[in-house]
Amino acid sequence: MKIGILGGGLTGLTIGAHLDNEKHNFEILEKNRECGGLCRSFKEEGFVFDIGGHIFYSRDQELLNQLISLLGDNKTEGTRKNKIFFKDRFVKYPFENALNELPKKDTINCVYNYIFNPYSKKKPENFREWIYHTFGKGIAEKYLIPYNKKIWNFDPEKMSLHWVEGRVPKPPTIDVLKSAIGISTEGYKEQLNFKYPKTGGISTIISSLEEKAKKKGSIIKDFDISYIRKESSFWIVSNGKEERRYDKLISTIPINELATYLKAPEDIINHAHNLRYNSLVLVMIGLKGPSKDYTAIYFPEEDVLYNRVCFMNSFSKFNSPEGKSCIVSEITFNKGDKTSDMSDKDIIDHVTSTLDEKKIIKKEDVIYSKVLRFRYAYVVYDLDYKDNIEKIRTYIKEKDIELCGRFGEFEYLNMDACFDRAQKMAIKMNSLNS
Ligand SMILES: Cc1cc2nc3c(=O)[nH]c(=O)nc-3n(C[C@H](O)[C@H](O)[C@H](O)COP(=O)(O)OP(=O)(O)OC[C@H]3O[C@@H](n4cnc5c(N)ncnc54)[C@H](O)[C@@H]3O)c2cc1C
């Protein structure tokens, strides 16, 4: 069987690397000049920048080991040293595990409202209510609501909560109370210790998968799919200039785009338009001298556009030339909002000036800066998500096209889940007759 894999990110490459080439031929079609999608790294003037903080972690140790084994000896490990920038101080992450580090009035307010929480009696119906229900008004209003408003660029009241379990850290009560009196506790433990490539940034995993996939099939880059149609029993996939023919399609490209390329009926296209996602501005900054010894800093406050800054050298010291360091700042945005209209220069100015004011970097130390924009970064689960996604998936299933990956399935998946689902997809394909 000839299989067309749409998209050459982590998911598409993993499927290719695991397909049985005795049984199937395949081609991976990737729109960019290089594979990797969100797992790309950008090597600029000796600095290595990932698209935000990209570390390997998973609750599933076996899966994590499989992913890490792709790095061979080129691996290192680290321990999370994340902070939250709150009222001009650096508070340990997650916020609810470090309440003693807040100004005393805030500590009392958070602990009191956590214990005597009237919201805990009402069953939450949206993400905002879940935050109040789980953490109380203090932690909610000082950190979780403002931070989540920023990263999702959306009102938590309009977000569903089917996804929060396991994705938003929820500590045992005893840990919150211990933290309030200064006994150190750790939250979100699966993320506490992480693995990372020693050299080359996160895209090292992509190079390894690409090598494996290339041995079994073909990868066609610079192929920006613009329409897909059925011709007798074959699928025709085109970029507007040339057409490729397949017996079977597996799509890892955004499902809403896929519906458009398939010229789906109007109601399906409407559901596709209504799926919500966030785009990302990545600000890459190279510094002379070392940076702060943190892995990342989270910014709940409204005075800055970015929600997080990651310190690339805390993942691997080889992410910059000796004696220098580099950081990435992440700003989520949607078409038409304030960030989307800002020039690169204004964004860089904003990031470097505000980080300087907060004494996180010195503006005069900036020796490299560049802005990159990514249209698809985060799936946003609004209240209509389930209805929209089910209608589109049903339509695509009827066409017998397989969906896989973060935007392919339109789910908030990390690398481990993408890798897992991609391997399972390959197993499913390998079980089909050639
Ligand atoms: C800021 C940020 C930080 C993250 N941090 C972590 C982390 O620390 N740990 C972790 O495990 N995960 C992290 N992730 C998640 C991780 O990046 C994703 O889960 C993973 O990269 C998704 O892979 P994918 O192949 O499914 O999707 P993508 O990477 O989106 O790949 C899809 C591919 O399809 C291609 N494509 C799209 N349209 C077309 C078209 N029309 N024609 C041809 N090709 C097309 C794209 O160019 C892309 O290469 C993070 C994500 C973000 C945004």
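In the account that follows, Ala, Val, Leu, Ile, Met, Phe, Trp, Tyr, Cys and Pro count as nonpolar, Asp, Glu, Lys and Arg as charged, and the others, Gly among them, as polar. The model described here is predicted.

**Ligand shell.** By that classification, the shell around the ligand divides into 16 nonpolar, 14 polar and seven charged residues. The ligand has 37 residues around it, of which Gly 7, Gly 9, Gly 37, Gly 52 and Gly 405 come nearest.

**Open sheet.** Five strands form an open sheet in the order β9-β2-β1-β13-β19, with parallel pairing. Its edge strands, β9 and β19 (402-403), each pair on one side only. Helix α1 packs on the sheet, where it touches β1 (2-6), β2 and β13 (248-251); the direction of α1 makes about 165° with that of β2. Between β2 and β9 there are three bridges in the parallel sense, and Glu 27 stands opposite Ser 218 in β9.

**Helix α6.** Spanning residues 203-216, helix α6 has 14 residues. From its first C-alpha to its last it reaches 20 Å, close to the 20 Å expected at 1.5 Å a residue. The buried residues of α6 are Ser 203, Thr 204, Ile 205, Ile 206, Leu 209, Glu 210 and Ala 213. They pack against the helices α1 and α2 (61-69) and against the strands β2 (25-29), β3 (41-44), β8 (193-197) and β9 (218-220).

Notes:
Residues numbered from 1 in each chain as written. Predicted model: local features only at pLDDT ≥ 70, side-chain atom pairs only at ≥ 80, totals over all residues. Near = placed C-beta within 6 Å. Helix = DSSP H or I, 4+ residues; strand = E, 2+ residues; numbered from the N terminus. Expected span 1.5 Å × (residues − 1). Buried ≥ 20, exposed ≤ 12 C-beta atoms within 10 Å, placed from the backbone. Contact = placed C-beta atoms within 7 Å. Pairing = 2+ DSSP bridges. Axes fitted to C-alpha atoms, helices over the stretch in contact; angles between N-to-C directions.
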